Amino acid sequence: MISARPAVRSLAASKIRELFNSGIGRTDLLPFWVGEPDEPTPEFIRKAGIDSIAAGETFYTHNLGIPEIRDALSAYLSRLHGAAHVPIGPDQLALTSSGVNALMLATQLLVDPGDRVVEVVPLWPNLQEIPRILGAQVETVALEFSPSGWFLNLEKLIKALTPGTRALYLNSPNNPTGWTVTREEQRAILEHCRRHGIWIFADDAYERIYFGEGGLAPSFLDLCDKDDRVISTNTFSKTWLMPGWRLGWLVVPAELTADLGKLIEYNTSCAPVFVQR
């Protein structure tokens, strides 16, 4: 019998992707499926990629990303999240071949087979299945619904984050509900995870698609210290209208960056330099 590993065979196929694949090219559908913009990438970004290819920048580059983009991301993220707290340095950053690749790399970096992880659901199916690919035990805490919208039962989540839990996966603003964790909830979660040595994997892909105060969703990066067990994953797909370019990034404690570079080498080697430009 020819078959994949049991952990892979047991994965749930993405119904979103199934729907998307079936509808590609059809003009009689409203495409409410994958989380992508309905406008093309802005011209100045497309031109930068074209110019880079025309200049012959088609070779491998540093595993963690070209220095220019790591410096630019450091300045950008420090402006958003570090000005009143701790700046985010280039030594904490790695460019990845998409946001979902960032999530896979973060999981490969820290989650072993048999580890227990907790996820707040409903959740994008890719993020639900990534830990299972690596043999982790996934437990879920469901958001609840009221006439005023979705909300997190914080007491229920804290109770699920028992000693020995390896990681919490939290996507906020949330795909698919739009629920956004509050600053007070983040403080409580961070303090509890600090106490028990639990990693927080924050999927921040939609942090700029937020219509609350300041147009920026609350982030664990606003609260955590450099040595906290917090990893933030993000992507250029949403905010910059670049879904097809496949570029994302990770913010990690600096002590992990070298090992992360090794994982990138053995997954994709590096993100394309013309996409980084």
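1. Let me start with the cysteines. The sulfur of C193 lies 12 Å from its closest cysteine sulfur, the one in C224, which is too far for a bond. A disulfide here would need a pair of cysteine sulfur atoms within 2.5 Å, and the structure holds 0 of them.

2. C193 has a relative accessible area of 2%, and C224 comes in at 10%.

3. A word on the source: this is a predicted model, where local features need pLDDT of at least 70, side-chain atom pairs count only at pLDDT 80 or more, and totals for chains, interfaces and linings use all residues. Residues are numbered from 1 along each chain as its sequence is written, and side-chain values use heavy atoms, with hydrogens and water left out.

4. Now the nonpolar cores (buried Ala, Val, Leu, Ile, Met, Phe, Trp, Tyr and Cys residues joined through side-chain atoms within 4.5 Å). The largest has 40 residues, and those with the most contacts inside it include V120, L157, L168 and W249. Helix α4 (residues 67-82) supplies the largest share of this core, 4 residues. A second, separate core of 28 residues includes W199, I231, V252 and L260.

5. L157 deserves a look: beyond its neighbours within four places in sequence, L157 is in contact (heavy atoms within 4.5 Å) with V118, V120, V141, L152, L168 and I189.

6. V118 sits in strand β2 (residues 116-121) and is buried at 1% relative accessibility. Leaving out residues up to four places away in sequence, V118 touches E139, T165 and Y169, among others.

Terms used
Buried < 20%, exposed > 50% of the residue type's maximum accessible area, 1.4 Å probe, protein only. Helix = DSSP H or I, 4+ residues; strand = E, 2+ residues; numbered from the N terminus.
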